[in-house]
Amino acid sequence: MKTEVVIIGGGPSGLLLSQLLNRANVSTVILERATRARVLSRIRAGVLEPGTVQMLHEAGVDERLKREGLEHNGCFLTDDDLMVQINFRQLTGKSVTVYGQTEVTADLYTAQDEMGANIVHEVEDVAIQSLDQTSSSVEYTVKGERKRIDCAYVAGCDGFHGVSRKTIPAAKRREFERVYPFGWLGILSQTPPANEELIYANSSRGFALASMRNKNLSRYYVQVPLSDEPDAWSDDRFWQELRSRLPAETADALVTGPSIEKSIAPLRSFASEPLRWGNLFLVGDAAHIVPPTGAKGLNLAVSDVFYLHQALIDALKRDNNAGIDAYSERALARIWKAMRFSWQMTNMLHQFDGEDSFAARMRKATLSHLAQSETARRELAENYIGLPF
Ligand code: RFL
Ligand code: PHB
């Protein structure tokens with residue numbers, strides 16, 4: 001088989017890249033390890049930057065998003081009972097959209113099906129070859145049969161545990177990492193959200209986040225030690241802990257119900273440089289991970305796709321390699337700023353094991369400063385709604 005671009009991974013990055021390339025008459029094949037049902041069952045991000053919404057519009061996949069996405073003009077950061085509103089609209093003129101990653105992925109699959117896209121599920125043992133040649137190839141196994149696709153370029157959109165990054169020789173890449181000593185226990189429940197806007201809560205018992213998917217579907221998180229298991233958290237225990245971390249007014253009004261899903265995600269900052277090795281380009285979680293505190297993971301994957309899709313179209317259709325030559329540097333410049341913001345938000349809102357009393361005072365002082373300074377709120381809002389592509 002032959003195609004222009006082989007895309008490894010059918011998560012949001014791979015699907016969006018394929019959709020944008022197909023619309024520009026660039027042929028693609030997506031190789032995905034999991035079944036479609038499995039990809040669509042992952043509950044992850046919920047907040048889309050305006051730049052992400054614009055990209056989904058350009059990809060022709062925003063019809064349901066426009067109807068069902070919730071526009072959020074602000075969010076709250078709280079410290080016990082202190083509630084600091086960050087009014088994105090007033091501070092930046094922009095807003096974010098609450099629309100689950102699961103929905104974005106489902107919309108992309110629908111659009112790719114309509115275009116007759118080539119998506120192969122349940123592939124195993126993907127191997128990327130001849131990256132330094134003028135053309136490349138990718139081998140994989142499906143239903144016990146070994147296959148090979150020749151292509152001009154390979155996009156590694158296969159997440160943190162994928163094969164793409166590891167294909168680049170260790171001596172040719174540099175990794176940067178910060179592993180946080182806690183995780184987020186998240187639940188989904190069919191209850192009305194605790195508040196109209198998201199609440200990021202600092203408290204003496206640790207961090208909590210009150211988020212949502214729609215008017216009757218809430219998403220909540222509490223910071224937990226990495227040694228905890230979800231099974232140790234009954235619904236009652238979760239609700240009680242969440243209440244103790246939210247401002248009293250919000251906690252009193254909280255509507256609880258059975259959890260639909262319960263899982264613990266570890267928090268990590270990670271980046272691998274460069275994003276290009278020969279004809280292979282890394283995109284999204286395959287190249288970088290941010291802690292979810294800034295709601296940046298999915299949005300960063302989309303800005304990588306923005307740079308790469310233009311670059312590949314220029315290279316394949318206009319014989320212009322300037323974009324692919326600049327991809328790594330351009331994408332990394334934005335990635336590092338989102339890494340900084342996510343790290344800063346994480347430090348500002350979480351309790352670290354064994355920390356001293358000074359650290360807790362620093363968090364309180366930061367939140368108190370945010371309450372008083374419009375300049376500080378604007379800086380946060382500018383990063384939260386997303387830096388320009
Ligand atoms: P994904 O979504 O991980 O998709 C990668 C796809 O590649 C497939 N794959 C392979 N396919 C073929 N061969 C292989 N060898 C393969 N190895 C893997 C996988 O099956 C998968 O379908 O990466 P992508 O597309 O770059 O998208 C990035 C986003 O998913 C990610 O940044 C966010 O979801 C991160 N993230 C969160 N971000 C937020 O902004 N807010 C959140 O609340 C939030 N929660 C999360 C998250 C990520 C999590 N991970 C990675 C476990 C919660 C979790 C649990
Ligand atoms: C979510 O709704 O899952 C969510 C929202 C904001 C974040 C992280 C996760 O910062």
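The structure holds 27 salt bridges, a salt bridge being a side-chain nitrogen of Lys or Arg within 4 Å of a carboxyl oxygen of Asp or Glu. This is a predicted model, in which local features need pLDDT of at least 70 and side-chain atom pairs count only at pLDDT 80 or more, while totals for chains, interfaces and linings use all residues. Residues are numbered from 1 along each chain as its sequence is written, chains are lettered from A and ligands numbered from 1 in the order in which they are written, and side-chain values use heavy atoms, with hydrogens and water left out.

| Pair | Closest N to O distance |
|---|---|
| E71 and R89 | 3.0 Å |

In the salt bridge between E71 and R89, E71 belongs to strand β4 and R89 to helix α5 (residues 88-92), so the pair ties together parts that are 18 residues apart in sequence. Helices (H or I, at least four residues) and strands (E, at least two) are DSSP runs, numbered from the N terminus.

**Domains and their interface**

The domain assignment of the protein chain gives domain 1 as 5-72 + 96-177 + 268-346 and domain 2 as 181-267 + 352-384; such bounds come from an automatic or database domain assignment. Taken over C-alpha atoms, the centres of domain 1 and domain 2 are separated by 29 Å. Domain 1 brings 23 residues to the contact and domain 2 brings 22 residues, where contact means heavy atoms within 4.5 Å.

The size of an interface is often given as the accessible area lost when the parts come together. Between domain 1 and domain 2 about 1,800 Å² is buried, with 67% of it on carbon and sulfur atoms. Buried area is the accessible area (1.4 Å probe) that two parts lose on being put together, summed over both. Of the area that domain 1 buries against domain 2, I43, H72 and F341 supply 28%, more than any other three residues.

Between domain 1 and domain 2 the count is one salt bridge. Four residue pairs are found in polar contact across the interface of domain 1 and domain 2, both residues at pLDDT 80 or more. A polar contact is a pair of N or O atoms within 3.5 Å; within protein, one must be able to donate a hydrogen and the other to accept it, and residues adjacent in sequence count only if both atoms are side-chain atoms.

On the side of domain 1 that touches domain 2, β4, β7 and α11 (322-349) each supply at least two residues. The most comes from α11, with five residues. The residues of this side divide into 11 nonpolar, seven polar and five charged. Here Ala, Val, Leu, Ile, Met, Phe, Trp, Tyr, Cys and Pro count as nonpolar, Asp, Glu, Lys and Arg as charged, and the others, Gly among them, as polar.

**Sheets**

An open sheet of three strands has the order β3-β7-β4, with antiparallel pairing. Its edge strands, each pairing on one side only, are β3 (47-48) and β4 (70-72). Two strands pair if DSSP finds at least two bridges between them. Two bridges join β3 to strand β7 (residues 96-98) in the antiparallel sense, and V47 has V98 in β7 as its bridge partner.

Eight strands form another open sheet, in the order β6-β5-β14-β15-β16-β13-β17-β20, and the pairing is mixed. Here the edge strands are β6 (82-87) and β20 (288-289), each pairing on one side only. Strand β13 (residues 174-189) pairs with strand β17 (residues 259-273) in the antiparallel sense over 13 bridges; R174 has E273 in β17 as its bridge partner. Strand β16 (residues 217-224) runs antiparallel to β13, joined by seven bridges. I187 stands opposite Y220 in β16, and G183 has V224 as its bridge partner in β16.

**Two individual residues**

E4 is placed in the segment before β1 (5-8). A polar atom of the E4 side chain lies 2.9 Å from the backbone nitrogen of S27. Neighbours within four places in sequence left aside, the contacts of E4 are N25, V26, S27, C151, A152, Y153, L316 and K317.

P230 is placed in the loop between β16 and α8 (235-245). Leaving aside neighbours within four places in sequence, P230 is in contact with L185, K262, S263 and I264. P230 and E63 are 167 residues apart along the chain, and 36 Å separate their C-alpha atoms.
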